Amino acid sequence: MEEKIISEINLDLVFKCNEFPQFSNKLKDSKNKLIFESSFWEKVFLSWIKIILKKDDYKLPNCIFEKKSFSLGLQIISNQEISFMNQKWMQKNGPTDVLSFPIISDESLNNLDHIELGDIFISLEIALEQSYEYKHSIYKEMLWLASHGFLHLLGWEHNNDLDLENMLNFQEYLIKKLD
């Protein structure tokens, strides 16, 4: 597997985070506080984009491999908000941990230098619950959920157990590369 040399890549991240005063005492650790900083997420997504662009053995839309400028949105929201979105857009009741709304739909994007990937929404409340359940930090859980949403923005789907296993393994790979 040969790695490509990647020139300058730009990322435009629209980051929004609700106020969560009820969780402020649970998120005092400096590493956990990073999940509320736009600059942290810019570095994370830029790193992941560069990892993906260096290799061409992923089943992703070809149109992303020649791009130099990317944009995406990330919002950290409440269970109430994600429940509303889950019902409206996915026709599913109740909250979920992460929702992604990809924009990449066809090869017509080949003529653009800039590519809008879409939007990711993460429920902080469910992320906290899952971090307790899986016995790891909210920092790790948020990276996990963001990587999952990010791969969906790139067109990755998990319609069967093998696809899901491959996606989860790739998420682990992306997260480990951040260290």
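Start with H158, which sits in the loop between α5 and α6 (161-176); helices here are DSSP runs of H or I with at least four residues, strands are E runs of at least two, and both are numbered from the N terminus. Keep in mind that this is a predicted model, where local features need pLDDT of at least 70 and side-chain atom pairs count only at pLDDT 80 or more, while totals for chains, interfaces and linings use all residues. Residues are numbered from 1 along each chain as its sequence is written, and side-chain values use heavy atoms, with hydrogens and water left out.

Colour H158 by accessibility: at 29% relative accessibility it counts as partly exposed (buried is under 20% relative accessible area, exposed over 50%, partly exposed in between, with a 1.4 Å probe and protein chains only). Now show what surrounds H158: leaving aside neighbours within four places in sequence, it is in contact with H148, H152, D163, L164 and M167 (contact means heavy atoms within 4.5 Å).

Next, pick H148, in helix α5 (residues 138-153). H148 counts as buried because its relative accessibility is 13%. Not counting residues up to four places away in sequence, H148 touches V98, H158, M167, L168 and Q171. Draw a distance between the side chains of H158 and H148: they make a polar contact at 3.3 Å (a pair of N or O atoms within 3.5 Å; within protein, one must be able to donate a hydrogen and the other to accept it, and residues adjacent in sequence count only if both atoms are side-chain atoms).

Four strands form an open sheet in the order β1-β2-β4-β3, with mixed pairing (two strands pair if DSSP finds at least two bridges between them). Select β1 (10-17) and β3 (98-102): these stand at the edges, each with a single partner strand, so one side of each is left without a neighbour in the sheet.

Move to β2 (residues 69-77) and β4 (residues 114-123), which pair in the parallel sense over nine bridges.

Helix α3 (residues 79-90) lies across β2, β3 and β4, running at about 45 degrees to β3.

Note on methods
Axes fitted to C-alpha atoms, helices over the stretch in contact; angles between N-to-C directions.
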